[in-house]
Each structure stands twice: as structure tokens, then as C-alpha cells.
Amino acid sequence: MKKLKIGICGWGNVATGLYKTLEDNRIQIESNSNTQIDIVVIGARRDNPKCDPKNITIERDIFDVLNHDIDVLVELIGGVEVARELILKSVNKGINVVTANKAVLFHHGDEIFEKANLNNVKVLFESSVCAGTPIIKLLTEELSANKVTKIAGMLNGTSNFILSNMEEGSDFKPTLELAQKEGYAEPDPTFDIEGLDAAHKIGILSSLAFGTPLPPNDFYIEGISNIKKIDFKYAKEMGYTVKHLAVTKLNEDQIELRAHPVLIKINSYLANLKSVRNGIEVETDLLGTLHIAGSGAGQESTASGVISDLVHLANSNDNFSEKNSKSKNKLINFLSLSFQYYFYIEAEDVPGVMALITSQFAKKKIGIESIVQKENLKNNMVPIVIITDLFVEKDHKDLLQTLKKLDSVDAVRSIRIELD
Ligand SMILES: NC(=O)c1ccc[n+]([C@@H]2O[C@H](COP(=O)([O-])OP(=O)(O)OC[C@H]3O[C@@H](n4cnc5c(N)ncnc54)[C@H](OP(=O)(O)O)[C@@H]3O)[C@@H](O)[C@H]2O)c1
């Protein structure tokens, strides 16, 4: 049986989940993987009342974990700068690292992997994207014979929980409150609902699939806080639903990278993943389109991903960092991408208003696929729903400004349509 001595830094939700899983599933892990994983030391600046580490050595300064005889440092403190320092110290000492921390990889990934390569150690990070749902090793190992052309995923469980509930008729605010009550959303939910968490994850996947840098150059990130319940009703009437999608895509020799709400076909695979589930679609040349879905957060799921990295380390003999050295690809300027759009426009119900609105589209030579005037609201306002033909993002940005300035228009919002 192979043996692996590990030191864990951080003693929160994921670290205690890892400890419990290693205890509870020890026999299963050992018989499945022929690997014995021993926790030698834990770096915890304070005790955690939810978990007693029994007689394992505790270091109050997490950096002291590196002074022990360990094969792997498991970084579970989260955050960016201290985590970067800890990982780099470990790598410089020749100690492999397993981390679940997407933020540190998003901001300092290239530096970390470069230093790991220089020191012939590995930095593995399966749990950093969708927790234990296996996407990292899928991309780096199982699909290595394939040319990946697109990865699109619902990578944030909180956003998917909220949108799934809104699809069933709830409003945004009470659904967010419910997510917080159920423990699916943080007390400050900004990171999740404004799309940043999903952006970090797609940044990491894009780096693996297409060699985009970590940190990536600026890319388009929009969250779900402007989506309204009524959008689901109108989207459904046209065969769509609303999801938050993070996308990286090979577009000739440049890369599309973006994270924002989209209308997607209601019968598509991703549309049918509800609640906190994460789901990813990977387009490849040899296997066609692959689907993967699972729990994207939580103690057990994250422990599953961390343990898969540990087993991988125990089984591998080579001395290279897991992050490949793909040639760097340039990101496409988001404003040059084209989409079809859903527009929701609330306008005064006065003669000529439809003509006024459609003329704004015509001025930019934007084709309209469908336009429907919905039932009147209070205050003599009428909702108008438009689906456009494909047109370029730069014109979309200008058109939104123009429409918002019209005296007879009270509210405008738009959602991009993700085509197959
Ligand atoms: N939770 C999930 O479902 C999930 C899923 C996938 C990935 N992850 C990632 O896993 C990592 C850990 O998440 P978590 O949910 O376990 O977080 P957590 O419950 O907040 O635990 C973080 C732990 O690290 C300690 N810590 C933080 N900063 C430290 C510092 N500067 N020095 C020493 N100790 C420090 C904290 O100590 P104190 O208690 O003293 O603050 C706590 O013990 C994060 O990178 C997260 O993104 C989490």
C-alpha cells in the first residue's frame, strides 16, 4: 500500500470535512486506491468546536506545518495573498500542494504553476472548480487526445438555486433570503450573485483548455441581480429559460471568455439542472459534447475532490506540475462578439411608441426576429418583448443607452441568447 503524509492548513468547513471523510471512509479509500493517507499535522489558528482532531499535532501558525515531514500540503484557508505565500513556500521547499482555492489560482495561477515546475513539485486543484465534480482531471487527463472547442457551465450553485426558484415563480429577493437561510448563500452574497465566483472558475478552466493566462485579462462578467421573475415567463413562451452561464470558447485562434445570464433552450441539458447543482458541457472533436453535473459545494463534495488529488499524487511518478504548458491564446474583445438578444422594454402606451422603439433598432441595422406587445401594466405602461437577430455587442451597449434615454421608455433590460 502506498503511503502519503499530509499537513492540512485551515480548520474550517472543508478541512474538517476532509478530516471526517478520511476517518469515516478510510477502508473504502484504501481499498479503492491502494493508498493510505495520514494526517501528520493541522495548521489551525483556533479550535473548531465542530471537530476534534484527537491526537494529531496542531500548529497555531499555519506556516509551521511546512516544518513537518509531509509529502503534501493541503491548503484550505481560502483567500488570496496569505494562501499564495503559503503555497509558494511549500513549492519552494519541494512539498507538493493540493488546494481547493479558486481565488488564489485565478489571481496567481501562472506564478504558482511556474514555480511548481521549477521546483519539480505538483500543485493539484480538482476541488477549486465545482468542488468534487471531476472537471480538472477530465480536461487535463481523460480528454488529452481531444481538441476542446468550448466549455460552458453553470458554475455557481447559489445562482442556479436562485434562478431555479425564480423559474418556479418566486421573486429574486425572497429567494436570495431563502438561499441564505438554507446555507446556500453567504451573508454577503455579492461574490456569487454578481458572477465573480463563476468567473474565477471559468478563468481556471479556460487556462487549462486554451492556455489563457491566470490572472486572465479583463473579461465580461455580469451577475443575476437584474433578472426579474417576468423574464422567465416571457422566455418560456419562446422555448427558453434563464441560466447563469460561464463560457470559454475557441473562436478561430482567439478565445471567448465570459460569465453572464443567458436565455437557453428550455429542453437543453443545462436548462434542466436545477437548484444548487453545477453542470458543465464540454465540446470536443473526438467525443462530441460531454455533459458532467454534480454537487459544486459542501464538505463531502469538496473532500471528494481533495482526496482524488491526494490519490493521484500517491500514484504518480513524474515530477511535473499538473498544470500543462499550453501556448498562450489571446482573449477576444467582448465588444466584438455577436449575440441574439432578448429585450424587455417598458414603454408608455401611446400612439407611435412601437415605431419609435423599432426605429432605434433599424438605425443600427439590427434585425428583429420577433416583437410582442404584452398585456398592459399599471400607469398606462406596456411591456414589449423583442428577440433580435445576431448583432455585435458594441451596438448592443450603445442601443441600451439610446433606449434608456427615450422619454416614453421607463425600463429596459436585455439578456443574451446562448445558441447551441
Ligand atoms: N465550502 C465549500 O463548499 C467549498 C467548495 C469548494 C472549494 N472551497 C474552497 O475551500 C477553501 C476553504 O473553504 P471553507 O469553506 O473551508 O472556508 P472556512 O470554513 O472559512 O475555513 C477557512 C479556514 O482557514 C482558516 N484561515 C483563513 N485565513 C487564515 C490565515 N490567514 N491564517 C490561518 N488560518 C486562516 C480559518 O481560520 P478562522 O476560523 O480562524 O478564520 C478557517 O479555519 C476556500 O478556498 C474555498 O473557496 C470551498
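In which sense, parallel or antiparallel, do β1 and strand β4 (residues 72-75) pair? Select both: β1 and β4 pair in the parallel sense over 4 bridges. Strands pair if DSSP finds at least two bridges between them. Strands (E, at least two residues) and helices (H or I, at least four) are DSSP runs, numbered from the N terminus.

Before moving on, note that residues are numbered from 1 along each chain as its sequence is written. This is a predicted model, where local features need pLDDT of at least 70, side-chain atom pairs count only at pLDDT 80 or more, and totals for chains, interfaces and linings use all residues.

**Stop 1: the sheet**

Pick G7. Its bridge partner in β4 is L73. Now turn to the other neighbour of β1. Strand β1 (residues 2-9) is joined by 8 bridges to strand β2 (residues 35-43), and the two run parallel. Select L4 to see it opposite I37 in β2.

Show the whole sheet next. It is open and has 6 strands, in the order β3-β2-β1-β4-β5-β6, with parallel pairing. At the edges are β3 (57-59) and β6 (123-124), each of which pairs on one side only. Go to the β6 edge. Strand β5 (residues 96-99) runs parallel to β6, joined by 2 bridges. There, V98 stands opposite L124 in β6.

**Stop 2: the ligand**

Select the shell around the ligand. A residue is near a molecule if its C-beta atom, placed from the backbone, lies within 6 Å of it. Of the 23 residues around the ligand, G10, G12, V14, G78 and N101 come nearest. Helix α1 (residues 13-24) gives the most to this shell, with 3 residues.

Colour the shell by class. There are 11 nonpolar, 9 polar and 3 charged residues. Here Ala, Val, Leu, Ile, Met, Phe, Trp, Tyr, Cys and Pro count as nonpolar, Asp, Glu, Lys and Arg as charged, and the others, Gly among them, as polar.

**Stop 3: Y19**

Stay in helix α1 and select Y19. Why does Y19 count as buried? Because Y19 has 22 C-beta neighbours inside 10 Å. The buried class starts at 20 or more other C-beta atoms within 10 Å of a residue's own; 12 or fewer is exposed, and in between is partly exposed, with C-beta atoms placed from the backbone.

Y19 touches I39, C51 and P53, not counting residues up to four places away in sequence. Residues are in contact if their C-beta atoms, placed from the backbone, lie within 7 Å.

**Stop 4: the domains**

Colour by domain. The chain is divided into domain 1 (2-129 + 301-315), domain 2 (136-295) and domain 3 (335-417), with bounds from an automatic or database domain assignment. The centres of domain 2 and domain 3, taken over C-alpha atoms, are 25 Å apart. Their contact takes 11 residues from domain 2 and 9 residues from domain 3.

On the domain 2 side, select α10 (229-237) and β10 (254-265), the elements that give two or more residues to the contact with domain 3. β10 gives the most to that side, with 5 residues. By class, this side of domain 2 has 7 nonpolar, 2 polar and 2 charged residues.

**Stop 5: helix α6**

Finish with helix α6 (residues 157-167). This helix is mostly covered, with 10 of its 11 residues buried. Among them are F161, I162, L163 and M166. Step just past α6 to G169, which takes a positive phi of about 115°.

Notes:
Contact = placed C-beta atoms within 7 Å.
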